[in-house]
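Please read the points below alongside the model; they concern one surface patch and several charged pairs.

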Amino acid sequence: MNPMPASEAMVFSPAVPEIFLACAAMALLMIGVFRRSDESRTLSTLSVATLAIAFVLVVIFGREPARAFEGLFIVDQFAVFMKALVLIGSASAIVLAVRFNANEGLDRFEYPVIVVLATLGMMMMISANDFIALYLGLELQSLSLYVLAAFRRDSVRSTEAGLKYFVLGALSSGLLLYGASLIYGFAGSTGFDALARVLAAGAPESTWIGVVFGLVFVSAGLAFKVSAVPFHMWTPDVYEGAPTPVTAFFAVAPKVAAVALFLRVLTGPFGPLVADWQQVIVVISVGSMLIGAFAAIVQTNIKRLMAYSSIGHVGYAFVGLAAGTEAGVRGVLIYMAIYLFMNLGTFACILCMRQNGRMVEDIEDLAGLSKTHPMVAAAMGTFMFSMAGIPPLAGFFGKVYVFLPAIEAGLVTLAVIGVLTSVVSCFYYLRIVKIMYFDEVVEPFDRPIGREVGAILWATGLVILLFIVYPAPILAPATTAAASLFGG
Amino acid sequence: MIIHSLTFYMFAAVAVASGVMVISARNPVHSVLFLILAFFNSAALFVLMGAEFLAMVLVVVYVGAVAVLFLFVVMMLDINFREMRHGALQYLPIGGLVGIVLLAELVLVFGSWAVAPEAADVATIPTPDPTVVTNTHALGSVLYTRFVYLFQAAGMILLVAMVGAIVLTLRQRDGLRRQSIAEQNARRKSDTIEVVKVPSRGGV
Amino acid sequence: MVDFWASYAWPTAKIVLYIIAIVVPLLLAIAYLTYAERKVIAAMQMRKGPNVVGPFGLLQPIADGLKLLLKETIIPAGANRVVFVLAPMITFILALVAWAVIPFGPGVVLADINVGILYLFAISSLGVYGIIMAGWASNSRYAFLGALRSAAQMVSYEVSIGFVIITVLLCVGSLNLSDIVLAQQNIWFAIPLLPMFVVFFISGLAETNRAPFDLPEAEAELVSGYNVEYSSMAFALFFLGEYANMILMSAMTSILFLGGWLPPVDVAPLNWIPGPVWFALKIAACLFVFLWVRATFPRYRYDQLMRLGWKVFLPLSLAWVIITAGVLVAMDWLPDTIAG
């Protein structure tokens, strides 16, 4: 009666990190509920420990490429690399939030638990090898993020951010599902392996309009999640409205996970259709770079600025994806890794922007930071130079690694647009440096900035500074990760 | 066979018509009622396809639980219908444009619809013959084995939804006196009642 | 023409005849359930109950029905007319259609569908619509409050009913109602699953809005709740629907836990009695408990009702599902249809 013996279906060892994270999240939830106290420091510590253990498990169980659950779930070097980035981003978001939440009256134990659950969703996205698995991972992540965006529930802006994010996110999920169903209707399977087989068998001679439409809808749905143009409208409002540590989380972990999805879906099952999706990615990339560069200039709120900056960065990363080659994918991976550290550092600086116990968010408030907080100003300056792509900082190399493969693949115009928009974006990054170093202090920020934030600042700052000296910890795994995506 | 087709077209037509009514009804409560009608007809279509289990689950879950809560909320809302309709008309051109574009795409896609020649080979699980294996059995035998990962993932999503709803809405109110049934039951007569011999003209 | 007669007209006519054969006795049973209720409660309160119309007051329900039939149907001015009229119809129709899948004896069933118990569950969960629509369409505060109460109450108790049904299904291995009855040939499920039997029966009281959970029509505070604006036949339909639901709930109880049409033990004098008679007796016994409870217990407070549903029954029934599944797997007692 049973279609298969139970033992065959129950290959789950590659998914041990995810299973651990799911069980740990539920355990944390129980601890939080039964402690009957809203104080979240203990749970934050436990959650960071959980993520650290998950990190170790990811590395241990990711040595060999493997599939689990009848091919619904895949682990390879690419997945390990992306999951490592996501875990770092999530753990940092919890660490950054401890003091902030305590000060702002948001000290609730659910925050770290929801971050852990969101992380679980992102890891499931990264390891998805089937459209249904992809969708479920994406929804787990998105649902957690909607809640986090509205976490400051007494603030109109935060609830508005949550609601906007929810409505647009639901729309994008709909687009994604619609696209996936068109593809399923064509190929008769939602599994990536089977799709790759079917599409490879017939791709060269003809292109089926149903598949191309499906591909476009799936790309549109995913572009929403990475906030790429033309699906970026929600980003500034959500980034501005959400509590700052949540914004930091939004800017790093979900982006990394969604970019991972893009890479896996486009190079895996749709590898044979590279000619079709390349145009789409080029358009998205150019649009994102332009909007990211020009719309950011007029911003006065630092979180809105970071939102446009993140849109721009997605554009740069996609330059590498547009190349569609292994070197291009490697560039994207390196870019996302560096992007993660730059952004975490910048948001750590933003979390220091507190005057008389109150958070401020205007760029003008940074005036004269170099006199009151020289270390924070130096760190912020480093991150801004890095984001602008000025050598010898890490951000420069990130851009080099995505632009070069694009030129090799013949996308010279795209690379040129990328370089030009980087020059434009220098304006607003360097304006921040100018305000910090050359403007007069109006009102100094509070001190101390807090141990957690300081630690994140130091760690990310060192990564950005030392990348030129010792790039191997990012370069080597990125190389094997990109190879695993194309080799396997 | 003709009866079968007739019933199909009847249910399908009612489902589509009630779908239209859901968005065009003036009163939101009527919209929800039409939504329920649409659910019913979809369930009937499932029955016609031989998917009786899905049909019943659709009714139990969507009509019996989700739509009730929906109706519950809609009935309690105080919505200014005229203002809402005004807004809808304002956005009608854009919405209509998007709708027409989507429709054109659909026509284009299905006009030249092709199924990959390999599609039949890659189907993961063949649909069993409904006369041999009941729906319930067929679903159960793959849901908890092959697709256990997806099943559990869906469970996690629901958990997040629940936690999220509680986080965003539950407010601790001070000064509430809660009933503790255990405490009530643990009370004995001797704890609370004291029989005092009151001397005459003495008072307590 | 012959073909048309044999393949369409005759089966249709046959089904119509079956339906009449089920519905007419059912309506009679409903009428006399109201009589029985008054008599039983009267006896428990040392009164006589109806005893004027006909011998022992036996014609009382007929007289009541006639009176309601002849009264004027009033639709309040502020009411939403369509929904107002639709609500009692829905209540009554739902109470009747559920009987399509009830097996009265071995093979004596109108539609022996595979997912019979799900169908019953679906229909009983729809019962709330009649009430909620009536409450809303009446445009009256009392009716609306009653409707809201009943919506919350019925949705809450459906959850534990669902889990109880799952427990029974685990022991049967089929969703078909006849299979469920036949699985109880050795022992009625009321004995091994006693806690679930109790949970089911109490949830059944809540699901049918009967005392002590009759808050939707609490006469003391809501002056009869959701049906306060109804009169004449519309009211009668609600009334009939409520009693039909009671009978249905009793029938479900007997099928799930008391062995349906099976005799208590399969020995000589007992198994001479035909199945439908046993089934009717079991339903009558359950109904008696319904009435007995009404005469005995005071009404629950609303928060107590919710507490019982969510904090007591839900965990209990959930735990029992797990225990039952565990025991069945550990002892290798799974029914063949599941294990196969």
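1. A:Leu465 is partly exposed, at a relative accessible area of 42%, where buried means under 20%, exposed over 50% and partly exposed in between, with a 1.4 Å probe and protein chains only. This residue is placed in helix H19 of chain A, helices (H or I, at least four residues) and strands (E, at least two) being DSSP runs numbered from the N terminus.

2. A:Leu465 belongs to a nonpolar surface patch that also takes in A:Met375, A:Trp458, A:Leu462, A:Leu466, A:Ile468, A:Val469 and A:Tyr470, with about 870 Å² of accessible area together. Helix H19 (residues 451-466) gives the most to this patch, with 4 residues. Patch members have over 30% relative accessible area and no salt bridge, like charges being joined within 9 Å and nonpolar side chains (Val, Leu, Ile, Met, Phe, Trp, Tyr) within 5 Å; the areas come from the Shrake-Rupley method with a 1.4 Å probe, and for residues only the protein chains shown count as cover.

3. On provenance, this is a predicted model, in which local features need pLDDT of at least 70 and side-chain atom pairs count only at pLDDT 80 or more, while totals for chains, interfaces and linings use all residues. Residues are numbered from 1 along each chain as its sequence is written, chains are lettered from A and ligands numbered from 1 in the order in which they are written, and side-chain values use heavy atoms, without hydrogens and water.

4. Over all chains there are 22 salt bridges, each a side-chain nitrogen of Lys or Arg within 4 Å of a carboxyl oxygen of Asp or Glu. In one of them A:Asp193 pairs with A:Arg67, with the closest N and O atoms 2.8 Å apart. Because A:Asp193 lies in helix H8 (residues 192-202) and A:Arg67 in strand S1 (residues 66-68), the pair ties together parts that are 126 residues apart in sequence. Both are partly exposed, A:Asp193 at 30% and A:Arg67 at 41%.

5. A further salt bridge joins A:Glu361 and A:Arg157 at 3.2 Å, N to O. A:Glu361 is in the loop between strand S4 (358-359) and helix H15 (369-372), and A:Arg157 is in helix H7 (residues 156-187), so this pair ties together parts 204 residues apart in sequence. A:Glu361 counts as buried at 16% relative accessibility, whereas A:Arg157 is partly exposed at 42%.

6. Within helix H7, A:Glu160 and A:Lys164 are 4 residues apart, about one turn of the helix, and their side chains meet in a salt bridge of 3.0 Å, N to O.
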